[in-house]
Amino acid sequence: MTTVRQRRAGKGTEATEDQPSEEKNVKPDGKILSDHTGGKLWNILSISVGGIVALSLGLLTSVYVATLHENDLWFSNIKEVEREISFRTECGLYYSYYKQMIQAASIQQGLHGLVYDNKTESVRTINILERMNVYQEVLLSILYRILPIQQYLEPVYFYIYTLFGLQAVYVIALYVTSWLLSGTWLSGLLAACWYITNRTDTTRVEFTIPLRENWALPFFAVQIAAITYLLRTHLQPVQERLTLTAVFIATFLFSLTWQFNQFMMLIQALALFILDCFDMLPTAKVTWLYIIQISALLLVCVLQFFNSMILGSLLISFNASVLIARTIQKNLKKGGLLNRLGKLILHVLLVLCLTLLINKFIKRSLNLESDEHIFKFLKAKFGFGATRDFDANLYLCEEAFGLLPLNTFSRLSDTLLFYVYVFVLFLMTVAAVIVAFQNLSGSNQVQFMEKMEECTVTLKPDAAYNLIHTVLFGCLALSTMRMKYLWTSHMCVFASFGLCSTEVWKLILKCIHLYTSQRTHVIKYSVLIITLLYISYKFWPGIMDELSELREFYDPDTVELMNWIKSSTPNTAVFAGSMQLLAGVKLCTGRTLTNHPHYEDKNLRERTKQIYQIYAKRSPEDVYRILRSFGTDYVILEDSICYERRHSRGCRLRDLLDIANGHIMDGLGENEPDLKPSLYPRFCEEIKKNLPSYTIHFTRVFQNKTFHVYKLAKHK
């Protein structure tokens, strides 16, 4: 009987896989058992080595960015106020809530201070947990208070080390995704190496530590890895449930830590929708992913005290529309090519109309206007009419929200990443088009097996998802430079997968009639090793030089300003000024602000525009009245804004204010015909002349090379 079972198993791999119970009865000296045991041991060894390499690379990346941060600022040696000033713009605002929770008398009082905050926006009490994604700061502050680490680690180090530690999670997630796609951990090694050597374009964590994306992107990478595993075929029910749980947790954490989560997940939902329409993903799994996205976002909505911006998100409307439309059109994936195309066009139109109707209904019902500035910005950016809207122009004039610079591709090409990426993207796109056509036409793949076998193998569901993911996020990055970090990190994964994929090399070699299994493996590993050697040879010396380069934080004017505010103004004083500077004022001094950089609120946007009249052509009476309406005691004027040269004419802050106010801009150049000269000079310039019309309302109390602080008179 044993001999018979050996012969049955020897006929093909299917017999061996389908009858594991029979393999147990094979004699120890049987060839099948020997091969099976050897293969199993080799898999265990490979997974163990791959796992160790992943952990090592993750930890090395964390140490690398932490060292760069220390070397750039000499963070361990500078004063506390200098450390806090180094958290620029909105980074300082977010970190201030961590500091506030640490300094509170108790956790309960700290939470109460966030829920009933009256220092972030003067003459208003707002709920910080509702308005901003700061649960990570809350959790971290609680951990710092309850863990026995206060004697060994300062609060600021606990904070930044956590962020640098998340970089390890990020790199490991990218590594695992590439490994899952290609089947070899060497692919993950290459992805991690590309991520590190292209650090300028893959992350900015070392100089914008508290930024929301630095919290969120590691969880997004984990979610992509989990989705990649979920889309594998032949998963056991237990494996599928565990993976769905992992997807949900990662999606929830990503949504909780970044206010732009809904827009990123909308792009992800579009990728799933496209693939589902072309029958390239299992419908049941796609449905679960839609439900997970909605559930995670609604849970975040509850935690953020029913934040209206989340309820009115396009993601919820879109996912609900897809599920409704699918219920209406039950026979969407049946019929011939023309029949399927007709149904598909109707399905897309139905989903689009339902999305707009549901979203419009929700926004009107709840009177939502929190994200209108984003749509104004997008409308103006893509040429659907010029705008004089101050908020939209503020985004349009920022380099971060412009098109991706061409020199980005030059840097990515230096590491060979961009060349490999384009090559793999081309092959995969061709395969995707052919497979999509076959799926729509209902053709029998057996008829084209010789030509199409490679495409069907290459374009497995997990690879198909990552293909559409990289295309859509690539389009986002090309249109908006700030979003490039979502694309470039995945570019490392996608390119390394293609370079190390047996299916890709099999396809290439079959096209030129040179395919053999042995030749495929030789070429695959040879190209991989050569690429790794090239990267090591070219970039290792540069990394070592970078790690040995020492700098020091130096901003004496801002330090002097913060020290003066702390020593010379009351704790209850209210300060007005630029959004970026006021975030630092709150962090370093704890004083009350009139406005701040977290721009996702209509009332705050209008308030900021009013405060910024200090840089416009307005009368001293108007400016004084505006500032006092927000309870302002002191106003800080910055020469870098008043005499700005960083932007060209038409994009300077003073120009945006002039246009919004209907005034002609300063300097040589054209103006729109309906703009008129202002009756008043520019406030930030004229106030320095100490004219009676200004000194009656404003008294200069502090001045250095960069800042001028004026105290407002309190008239009866």
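This is a predicted model: local features need pLDDT of at least 70, side-chain atom pairs count only at pLDDT 80 or more; totals for chains, interfaces and linings use all residues.

Author: Residues are numbered from 1 along each chain as its sequence is written, and side-chain values use heavy atoms, with hydrogens and water left out.

Reader: What radius of gyration does the protein chain have, and what would a compact globule have?

Author: The radius is taken over C-alpha atoms, and the globule rule is 2.2 Å times the number of residues to the power 0.38. With 716 residues, a compact globule would therefore come out near 27 Å, and this agrees with the protein chain, which has 29 Å.

Reader: How are α11 and α28 oriented to each other?

Author: Helices are DSSP runs of H or I with at least four residues, strands are runs of E with at least two, and both are numbered from the N terminus. Helix α11 (residues 185-197) packs with helix α28 (residues 517-548) at an angle of about 25°, their axes being 11 Å apart; axes are lines fitted to C-alpha atoms, for helices over the stretch in contact, and angles run from 0 to 180 degrees between N-to-C directions. Angles under 35 degrees count as roughly parallel, over 145 as roughly antiparallel, 65 to 115 as roughly perpendicular and the rest as oblique. The two helices α11 and α28 are therefore roughly parallel.

Reader: Is H598 buried or exposed?

Author: H598 sits in the loop between β2 (592-593) and α31 (602-611). Leaving aside neighbours within four places in sequence, H598 is in contact (heavy atoms within 4.5 Å) with L93, Y94, R131, M132, Q259 and L604. Buried means under 20% relative accessible area, exposed over 50%, and partly exposed in between, with a 1.4 Å probe and protein chains only. Because its relative accessible area is 1%, H598 is buried.

Reader: Which residues does D276 touch, not counting residues up to four places away in sequence?

Author: D276 belongs to helix α15 (residues 261-277), and D276 counts as buried at 7% relative accessibility. One of its partners is V286, which lies ten residues from D276 in sequence and 7.2 Å away in space, C-alpha to C-alpha. Not counting residues up to four places away in sequence, D276 touches L281, T283, V286, R326 and K333.
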